[in-house]
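Hi everyone, thanks for coming along. Let me put the structure up so that we can walk through it together.

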Amino acid sequence: MTGLAHQIISGLASGSIYAAVALALVMIYQATHHVNFAQGEMATLSTYICLTLINAGVPYWGAFVLTVVVSFVMGAVIERVLIRPMTNAPILSAVGVFIGLLLVINSMNGWVFDYIIKPFPSPFGGGQAMLHGFISAHELGETAVTLLVLLLVYLFFRHTTLGLAMRAAAFNATSSRLCGVRVNQMLMLGWGLAAAIGAIAGIMVAPIVFLDPNMMLGILTYAFAGALLGGIDNALGAVVGGFLVGVLENLFGAYVVGTELKLTVALIIIVVVLLLKPAGLFGRAVQTRV
Amino acid sequence: MLETDIADTHPPAESVEAEVSDTEGRLEAWRVMAIIVAVGIAVALTWLVNGYHLFQLSMTIAYACVILGLTVLTGINGQISLGHGAFYAVGAYMTAVLMANYNWPYWATIPPAAAASAIVGFLVGFPALRLTGLYLALVTLALAVAAPQILKTNALSDITGGVQGLTTDKPEAPFGLGLNPDQWIYLFTLATGCVIFLLGWNLTRGRIGRAMMAIRDQPLAAESMGINLAAVKTRTFAVSAMFTGVAGSLTTIIVQFVAPDSFNSLLSIYFFVGLVVGGVNSIVGALFGGAFIEFVPNIANQISKAAPGAIYGLILIAFMYLLPTGIAGGLHQLILRLFRARRRAAAR
């Protein structure tokens, strides 16, 4: 029984990372109806930037904030330069650009920062177990940070004018323009925010999985699964979906398929969700007029 | 993006239309000649090129078959796949397992490899029916990410050789031909590749090909014209996977080795890059795509280990902006333009 509890709690801890990345994906999907395949690689790049800053002597939280700011700018610039010209292009072209971005950032990470797997410092102390050995200090701290970020994002979207403007731009761009919302700026802002959230997720997960250029590819797959499970047009759903995927992944890994097939669990979740409930648990079924 | 071709070949004026159909007819004649010459050169290369270069040419043909599978699925039928590495792995492993564990001759393993990958493709095609565009790209990407893990599992390692993979024997040329194994493998690959391309060519130019394109452009209209959407889409997936599986089988015969890590998600993404660079809806483009996948990393590797990925990515983005119809589309437009210029000069 304690084994089961342990699996669930550590599933929630990794689930919080998936939830953050899933939220970043959903934000971009809501704003542009694109799925950013490069989200994970952008987060990895941010994590490397953070590690470089720490190694250069910047205190941890200083490096953290600096990285988040840099990532925000990076996301906004990518939107402006690469994504905006693709607004009305066919889906194949958009996928091409995203995949190209994934390849470029992934290779640049390997090129600049080397392919060696690197340890990443944790601000919450080493791996000593807490709460009767259920959870490490880092897992606890990491979950708290992610939850805090999710809460801030929620408050931003629900209770600020800017958040409302961003939601409006995503919901109906034409009407928003008529009301004076600068839709293009909102999209840039959305990309920046998504990149910043991704950066936080990367920094938080790196002490657990260690840092290498391909760190985020698996995590991105889980996050996709989480976003789809919760409903890709629903931010809260994506967060819940991310946690669920974390728990399911751990439980299936421990009791059913073995740890080596964990990624296959994500694949199965994706396929099952799409076959049985394509809108996800919290999403609305979209009706298209023909 | 796919309309540019059509717009170019059919300008509105009627007099121009006659000229264009004439141009198309002459292009057709040129095309047949070009194919005969190309196959002739390809056969002659057996004796002109040796060793490693012959190996590279064999791999180019195998990759071209993969890209052809993607052309049929993505270019002609409009279903985006980022997971063809999985079907490639099915074909490659089928051949390796039959050769290494059951002592089958190499040539006999191609039909089972084709069948196995077609079945897997058909099964993947079913959930794909519920998905369009981005979602499909996403699910197939997950398939590509999960594939090496499935190949590595302990449950299957008795058959698949686990992480170490499998090694097979190098095929010998039939007695009396006087060819060395490399030359024979190249000719065998070339012959199989020609069969696959002939299949792809015939499939896409007939009624079924038009049905596939109709589904890509106007699914609703296609359905109301009596095309069975589900049947055509799943079968297209099966055919595409079959071409890819045969390519995988050829690769095992060429390389004589398979291991799970050869089939990582990057491979599937590279296939997609090859598709775009060659030209998504062009059969000939598949050849350019195959050559691109085989030769560009070799050149780029001399710069840095990371360079192939970066160059692939940059080229992919550049093509999306500058030449969305790929090399084949660009060449096609160029040739059309030359023909028209010549004709105008003759009329004057």
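Is B:Asn103 buried or exposed? Let me set the ground rules before I answer. This is a predicted model, in which local features need pLDDT of at least 70 and side-chain atom pairs count only at pLDDT 80 or more, while totals for chains, interfaces and linings use all residues. Residues are numbered from 1 along each chain as its sequence is written, and chains are lettered from A and ligands numbered from 1 in the order in which they are written.

Now, B:Asn103 is exposed, with 8 other C-beta atoms within 10 Å. On our scale, a residue is buried if 20 or more other C-beta atoms lie within 10 Å of its own, exposed if 12 or fewer, and partly exposed in between, with C-beta atoms placed from the backbone. You'll find B:Asn103 in the loop between helix 4 (84–102) and helix 5 (110–129) of chain B. Helices here are DSSP runs of H or I with at least four residues, strands are runs of E with at least two, and both are numbered from the N terminus. B:Asn103 is not a glycine, yet its phi is positive, about 55°. As background, most residues other than glycine have a negative phi.

Chain A has a case of its own. A:Asp114 is also not a glycine, and its phi is positive, near 75°. A:Asp114 sits in the loop between helix 4 (91–113) and strand 1 (129–130) of chain A, and it is partly exposed, with 14 other C-beta atoms within 10 Å.

What lies 98 residues from A:Asp114 in sequence, yet 8.2 Å away in space, C-alpha to C-alpha? That is A:Asp212, in the loop between helix 8 (183–209) and helix 9 of chain A. A:Asp212 counts as partly exposed, with 18 C-beta neighbours inside 10 Å. Leaving out residues up to four places away in sequence, A:Asp212 touches A:Tyr115, A:Ile117 and A:Lys118; contact means that the C-beta atoms of two residues, placed from the backbone, lie within 7 Å.

How do the axes of helix 9 and helix 10 of chain A meet? They come within 7 Å and cross at roughly 125°. The axes are lines fitted to C-alpha atoms over the stretch in contact, and angles run from 0 to 180 degrees between N-to-C directions. The two helices of chain A are therefore oblique to each other: under 35 degrees would be roughly parallel, over 145 roughly antiparallel, 65 to 115 roughly perpendicular, and the rest is oblique.

Finally, the interface. The contact takes 36 residues from chain A and 36 residues from chain B. On the side of chain A, helix 4, helix 9 (215–230) and helix 11 (262–276) each supply at least two residues, and helix 4 of chain A gives the largest share, 16 residues. By class, that side has 25 nonpolar, ten polar and one charged residues, where Ala, Val, Leu, Ile, Met, Phe, Trp, Tyr, Cys and Pro count as nonpolar, Asp, Glu, Lys and Arg as charged, and the others, Gly among them, as polar.
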